[in-house]
Each structure stands twice: as structure tokens, then as C-alpha cells.
Amino acid sequence: MEMEDLRIGRALVVIVDDRVSHGDSPDAAGPLVTELLVEAGYAVDGVVSVSADEVEIRNALNTAVIGGVDLVISVGGTGVMPRDVTPDATADVLDHEIRGITEALRASGLASGNVEAGLSRGLVGVSGSTLVANLASSRAAIRDGMATLLPLAAHVIQEFSRVEE
């Protein structure tokens with residue numbers, strides 16, 4: 001079996017962080033998400049950093065969808081502060097939300113003792129044949145969110161591949 005046959009799909013990571021996008025702070029989230037994706041069997045096309053700006057976020061997500069990736073994971077900007085606009089930008093990109101996955105992410109975060117998970121406005125949904133997911137930026141939220149998201153994402157991607165056959 002070739003290495004390509006072992007891949008679940010292609011993924012792209014979008015980091016929403018003003019300091020990272022301006023080069024004022026190193027990106028700690030991108031490498032972690034990339035590592036977890038690769039361990040789960042994804043080919044990661046790259047990590048893109050954008051400011052907490054709806055237009056920049058929307059453009060990054062749309063570029064990933066047009067580029068044909070199977071999964072886009074954005075990290076950051078999912079809270080309740082005025083600069084937390086990732087869910088708003090994501091809603092504009094989605095054809096439809098998958099509320100079950102969205103709620104599973106919040107529930108797993110709360111169950112692991114992360115009270116802030118209940119404040120997340122992050123979304124998960126489909127744009128074209130791309131699954132788009134928003135995660136909070138803390139290491140705990142990323143680890144817990146990825147553990148919950150990745151098996152569900154693999155199922156969605158598998159469903160899309162059946163439709164395309």
C-alpha cells in the first residue's frame with residue numbers, strides 16, 4: 001500500500017491571531033494542530049496565519065475550499081470578545097452547519113474540565129465538499145477538540161468520497 005493510500009484527506013490549518021500574523025509572536029498552535037493531523041493520517045497542505053478580521057478569515061477559508069482540501073481547521077477567535085470574529089466569518093463560508101459536531105466539541109471540552117469550552121462560539125460545517133471547523137487556541141482546547149473532531153471528520157470525508165465516486 002502506498003503512503004498516499006494511507007491518507008484520510010488533505011487539510012489546511014488557519015491560525016487567527018493578530019500577533020502571529022504580524023510576526024510579533026511565534027505560532028505555537030499551528031505546529032500542534034499539524035502534528036495531530038499528520039498522526040491521524042492527513043496530508044497537511046500548510047498553515048496560514050491571519051489577523052482577527054472577518055474578511056481575512058473568510059478569504060483564507062474560501063481559498064482552502066477552492067483549493068480542494070477535505071478539512072480546514074481554524075484556531076482562535078471563537079470566544080466572546082469583540083475581536084473574536086472567526087465564527088461570524090465561518091458562517092458566511094458554510095453551506096450548512098453540522099451542529100452535532102459543534103456541540104460534541106463543546107461537550108467534550110466541558111467534560112474535560114475546561115469551563116471556557118462552554119463559551120466557545122466555534123462552528124463546524126460544510127462548504128462544498130470541505131469540512132470547516134473552528135477550535136479555540138489554548139493547547140487544552142486544541143488537544144481535546146482534535147480528539148473529538150478527527151474521528152467525526154474522517155467519517156464526513158468518507159461520506160463525501162462516496163458521493164464523488
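Here is a short tour of a pocket and then the nonpolar cores.

## About the model

This is a predicted model, where local features need pLDDT of at least 70, side-chain atom pairs count only at pLDDT 80 or more, and totals for chains, interfaces and linings use all residues. Residues are numbered from 1 along each chain as its sequence is written, and side-chain values use heavy atoms, leaving out hydrogens and water.

## The largest pocket

The largest pocket holds about 730 Å³ of space. (On a 1 Å grid over the protein atoms alone, a pocket is an open set of points where a 1.4 Å probe fits, with protein on both sides within 12 Å along at least five of seven lines; lining residues have an atom within 4 Å of a point.) Its lining has 40 residues, and G76, T78, A136, S137 and S138 are the closest to the centre.

Helix 5 provides the largest share of that lining, 4 residues. (Helices, H or I with at least four residues, and strands, E with at least two, are DSSP runs numbered from the N terminus.)

## The nonpolar cores

The largest nonpolar core has 27 residues, and helix 6 gives the most to this core, 7 residues. (Such a core is a set of buried Ala, Val, Leu, Ile, Met, Phe, Trp, Tyr and Cys residues joined through side-chain atoms within 4.5 Å; buried means under 20% relative accessible area, with a 1.4 Å probe and protein chains only.)

Beyond its neighbours within four places in sequence, V33 is in contact (heavy atoms within 4.5 Å) with V13, I73, V75, I142 and M146. A second, separate core of 18 residues includes A52, V65, V69 and V72.

Conventions
Grid points are joined across faces, edges and corners, and a volume is the space filled by probe spheres set on the points. Buried means under 20% relative accessible area, exposed over 50%, partly exposed in between (1.4 Å probe, protein chains only).
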